[in-house]
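Hi everyone, thanks for coming. Please have a look at the model on the screen, and then I'll walk you through it piece by piece.

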Amino acid sequence: MSQGKSRFSWSEGQAFNKTVNVTFDGELQSVPAGISVAAALLGHDDGHFCRSAADKEKRAPYCLMGICFECLVEIDGLKNRQACLEPVYEGMSVNRQQAVMEEKNEENL
Amino acid sequence: MKKTYDAIVIGAGPSGIACATELAGKGLDVAVVDEQAGPGGQIYRNITGSSAAQQKILGTDYTDGLELVNAFSSSAVDYFPQSRVWQAAENGAVYFSRNGVSQQLRAPNLVLCTGAMERPVPFPGWTLPGVMTCGGMSNLYKDSGLVPSQSLVIAGSGPFVWLVSEHLLALDVPIAAILDTAPLKQVFPALKQVSGAVKRLDFMMKGVRLIGEVYLAARKKRVPIYRNVTELQAQGAEKLERVSARAGKKQLVFDVDTLLVSEGIIPNTALFRQVGCSHRWDPVQRYWHPEVRGEGQTSLSSVYIAGDGGFVHGAKSAEYKGRITALHIAKEMRRLSTVEYDEQLTPVRKQLDRELFPRPFIDALYAPRRDLFALDDETVVCRCEGVSAGRVRELVRQGLTDHNEIKAIIRCGMGPCQGRMCSAAVLELISEVSGMNPANTRQHRLRPPIKPVSLQELANAQLGEEDES
């Protein structure tokens, strides 16, 4: 399941008999059922989750408990979802949130 | 759908589920609203879904929660998981977002069981992907069994550093170094509080044993442990590549892509500040906490606190506090006579007292060290808006000593996290530059919605007809 790009791996003795299919930025992946989107994305590759609102710096989860808002992703078209609080489900589509600017522009319109 | 209850409990950690189970057992109508997908909070996260291997690594501190969670699951509580509370009000209204839809519930009693969070401490490079809290790592493992496969550094002070080190060593995770940032000299002032601690030698020995076992396991695996560590830095372009620090005269450098940090645990007060509860400054642990009386009463008559959200005392204490608050509410709602109340309260109160004996010692031993917030001007304080310590200092020098005013000018605390990550540091900077005692400063307030809700969702909100506006 891990693509070898991640700095994490699923620990041994961890039996996942069920998996679900999700897409990360359009790439189809099979991930263990029941885990959070944050865990799925961290286990998938070494990338970031979003870019900071102000500096556009790459960001990834810091707290993994709903406090830091550094894991914001777009899930099935809904922006600003906290990946650490959302469990994966079959057919879920997750996009890294690059478009903080777009939202700001929308606000300004 | 049901909209009104006798009590609404916010948070399904040990205090919330203990409180709700007790309330339901007394025949009260109870709703529990929680962010997570399952009950247990951070400490007992995913306990019913965890594997035997996970339970073995995490030990009895984790599996102790099973009974509590099972009792909650078989109680008559209306449970709303995956629900983000974005506003609560003194009149008993609770607004939350679930599956992209907002709704409102009401009750004459609100019990806020928001729990604790890691103290956010800025240092150079802390925003780089690859820098995470020890608690975050622990959650990741509980949630999914995910563990780091490449070399990492663990840095910080407090019991959590040792707990996570113990787990990762047992999991054979390659650890480049453990950096203990607790100053050795802090043992001496803590000794003043030792009289309470000796009443709980079992608890103290557990801590000593934990640290001893980590040292032993680390030696076996040739993982160096450095003490009195300072000048922690995360370096890299776009992600963590290197960790540097100083231990005495020795300059340390580690090429790693994961750094786990922890500088203690503080109450998560965001919701209390939004509701408008009075707070008090704790000068030892240096955090604001809601004012709380013996049975969880706050400055607002309809709002109660149970658990670490009021003051950090750990999971067992949280459970007992939850029960005590439930008994108090049941008495107030006339479901318990005074005699029954006293009878049922006494044993729980005894259990709680026993848990609290060693806390003043632990709090003093792991108090934030004096230079914890002695930040370089360039260090980013507000992660969301990229505001540096230097810019905050500039404004304080101009006479601003209110985080709310500073926010209005340089957006520090205005991003998605609404100051959850920066307010501890901003307060210390205000105090450092102005010389003010933090207790005399104005606290950073949160305005609703305190969780991201789209305008579309607010427009479609199912907030009930009796909503006054």
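Let me start with a word we'll need: two strands pair if DSSP finds at least two bridges between them. Helices (H or I, at least four residues) and strands (E, at least two) are themselves DSSP runs, numbered from the N terminus. This is a predicted model, where local features need pLDDT of at least 70, side-chain atom pairs count only at pLDDT 80 or more, and totals for chains, interfaces and linings use all residues. Residues are numbered from 1 along each chain as its sequence is written, while chains are lettered from A and ligands numbered from 1 in the order in which they are written.

In chain B, β4(B) is joined by five bridges to strand β5 (residues 93-98), and the two run antiparallel. Within this pair, B:S83 sits opposite B:R98 in β5(B).

Let's step back to chain B as a whole. Its secondary structure amounts to 17 helices and 23 strands. Chain B has a radius of gyration of 22 Å, close to the 23 Å from the globule rule for 469 residues, so it is as compact as a globular protein of that length. That radius is taken over C-alpha atoms, and the rule is 2.2 Å times the number of residues to the power 0.38.

How much of chain B is buried? Buried residues make up 51% of its 469 residues. Buried means that 20 or more other C-beta atoms lie within 10 Å of a residue's own, exposed means 12 or fewer, and partly exposed is in between, with C-beta atoms placed from the backbone.

In soluble globular proteins, nonpolar side chains tend to be buried together. A nonpolar core is a set of buried Ala, Val, Leu, Ile, Met, Phe, Trp, Tyr and Cys residues joined through C-beta atoms within 7 Å. The largest one here has 164 residues, and B:I8, B:V30 and B:L259 are among those with the most contacts inside it. Helix α11 (residues 315-332) of chain B gives the most to this core, with eight residues. A separate core has eight residues, including B:F361 and B:Y366.

For contrast, look at strand β16 (residues 250-254) of chain B: the count of buried residues among its five residues is zero. Five bridges join it, antiparallel, to strand β15 (residues 242-247) of chain B, and B:V243 stands opposite B:F254 in that pair. The hairpin of β15(B) and β16(B) has two residues between the strands, and B:G248 takes a positive phi near 65° there.

Most residues other than glycine have a negative phi, and most peptide bonds are trans. So which residues go the other way? B:Q418, not a glycine, has a positive phi of about 55°, and it counts as buried, with 24 C-beta neighbours inside 10 Å. A:N80, also not a glycine, has a positive phi of about 60°; A:N80 is partly exposed, with 18 other C-beta atoms within 10 Å. As for peptide bonds, the one from B:P448 to B:P449 is cis, with omega near -5°.

That brings us to chain A, which has two helices and eight strands. Of its 109 residues, 42% count as buried.

Finally, where do the chains meet? In total, 43 residues of chain B are in contact with 39 residues of chain A, contact meaning that C-beta atoms, placed from the backbone, lie within 7 Å. On the chain B side, α5(B) gives the most, with six residues. Strand β1 (residues 8-10) of chain A even pairs with β10(B), antiparallel, over three bridges. There, A:W10 stands opposite B:L146 in β10(B).

Note on methods
Contact = placed C-beta atoms within 7 Å.
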